[in-house]
Structure formats: C-alpha cells, structure tokens
Amino acid sequence: MRQARADEYAQFAAVRAGHLYRSACLLTAGDTHLAEDLVQETLGRLYVRWRRVSRVENPAGYAQTVLMRTFLTHQRRRSSTERATDVLPDVPADGRDTPLRLTLLEALARLPAKDRAVVVLRYWEDRSVEETAQAMNASSAAVRTRCVRALGRLRELLGEDLGEYASP
C-alpha cells in the first residue's frame with residue numbers, strides 16, 4: 001500500500017512539476033533558482049500530506065495553492081530581499097521574445113508580492129476571483145481590488161502599447 005501511494009505521488013509530481021515551476025518563475029519575476037526552491041518546498045509539503053491530498057477533488061489546484069502560500073511565506077521573510085550580484089544570467093534557448101519576456105518579468109518584479117500573486121493566479125493560471133481568493137486566503141473583494149491596482153501599475157510600467165516588444 002505504501003509503495004502504491006509513493007508511486008502515485010511520484011507520478012503526480014512528475015506531471016505537475018513543470019507547471020508548478022512555470023508558475024513559480026512568474027511569481028518570482030524570473031528568479032529561476034528561487035522558483036526551483038519554491039517548487040521543491042511545495043512538492044515536499046505535498047509528499048508529507050499525500051494521503052490526504054490524493055483524496056481531494058483537485059490535487060493540482062491544491063498544489064498551486066501550496067505553491068502560492070509558500071511563495072507568500074518566503075516573501076515575508078527578511079532574507080527574501082537579498083540578491084546575489086556577481087552571478088551571470090542564464091542564457092535563453094530561443095531569443096525571439098526576449099525583449100518582451102524581460103520587460104514583463106521586470107514589470108512583475110516591481111509589483112508587491114501579493115499583487116504579483118494575484119496577477120499570476122488570475123491571468124497566468126486563469127483562475128476565477130473566488131479561486132484566487134481561496135488560494136491567497138483573502139476575500140473576493142480584496143482580490144478584485146488588488147487586481148485593479150496591479151493591472152493599473154503594470155500599465156504605468158509597461159505603457160498602453162506592448163506591440164513594440166512583440167516579435168513580427
């Protein structure tokens with residue numbers, strides 16, 4: 001029985017890890033190392049509670065919620081603002097959308113952590129206001145307010161027209 005549960009978890013982790021990583025990259029505004037740490041922490045927490053998690057209606061949604069809460073917990077730590085400065089950036093595999101990608105990640109990085117979380121959940125994960133509120137442990141009104149403010153801030157940072165960054 002334990003081996004079956006461990007195999008079930010391993011299969012779930014293998015299928016969801018990539019999606020969790022992409023979400024974590026957006027949450028961390030492109031900090032791939034922190035994104036990897038958040039995914040590992042999320043998967044570790046899921047493993048410990050896998051017996052219960054495997055019985056919920058939507059384990060993938062539960063995993064996203066754990067990722068979001070792990071990210072927000074990390075942001076509250078004082079050490080989360082420390083950054084290494086002598087590290088070379090990763091080289092992208094495909095440079096077609098590099099200016100747009102870098103511009104968007106830079107703009108996301110300028111948003112407060114909770115606003116960034118709302119934007120990622122609502123527009124990257126395509127979650128409803130209610131699902132986002134549940135994941136963030138906030139009211140629907142708070143999510144709507146944060147959403148409006150975050151999108152307004154992104155418009156200020158990016159300008160009204162992103163066409164100049166898109167590749168033809």
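Me: How do the residues lining the second largest pocket divide into nonpolar, polar and charged?
Reply: The lining has three nonpolar, five polar and six charged residues. Here Ala, Val, Leu, Ile, Met, Phe, Trp, Tyr, Cys and Pro count as nonpolar, Asp, Glu, Lys and Arg as charged, and the others, Gly among them, as polar. Keep in mind that this is a predicted model, where local features need pLDDT of at least 70 and side-chain atom pairs count only at pLDDT 80 or more, while totals for chains, interfaces and linings use all residues. Residues are numbered from 1 along each chain as its sequence is written, and side-chain values use heavy atoms, leaving out hydrogens and water.

Me: What counts as a pocket, though?
Reply: On a 1 Å grid over the protein atoms alone, a pocket is an open set of points where a 1.4 Å probe fits, with protein on both sides within 12 Å along at least five of seven lines; lining residues have an atom within 4 Å of a point.

Me: Which residues lie nearest the centre of that one?
Reply: Of the 14 lining residues, Asn58, Gly61, Tyr62, Thr65 and Arg127 lie nearest the centre. The pocket holds about 310 Å³ of space, a volume filled by probe spheres set on grid points joined across faces, edges and corners.

Me: And which helix gives the largest share of the lining?
Reply: That's α4, with six residues. Both α4 and α7 supply at least two.

Me: Zooming out, how many helices and strands are there?
Reply: Eight helices and zero strands. Those are DSSP runs numbered from the N terminus: H or I with at least four residues for helices, E with at least two for strands.

Me: What share of the chain is buried?
Reply: Buried residues make up 37% of the 168 in the chain. Buried means under 20% relative accessible area, exposed over 50%, and partly exposed in between, using a 1.4 Å probe and protein chains only.

Me: Which residues have the most contacts inside the largest nonpolar core?
Reply: Leu27, Leu43, Leu46, Met68, Phe71, Ala117 and Met136, in a core of 42 residues. Each of the helices α1 to α8 supplies at least two core residues, and α1 gives the largest share, eight. A nonpolar core is a set of buried Ala, Val, Leu, Ile, Met, Phe, Trp, Tyr and Cys residues joined through side-chain atoms within 4.5 Å.

Me: What does Leu46 touch?
Reply: Leaving out residues up to four places away in sequence, Leu46 touches Tyr9, Phe12, Val53, Tyr62, Ala63 and Val66. Touching, or contact, means heavy atoms within 4.5 Å. Leu46 is also one of the buried residues of α2, and those pack against α1, α3 and α4.
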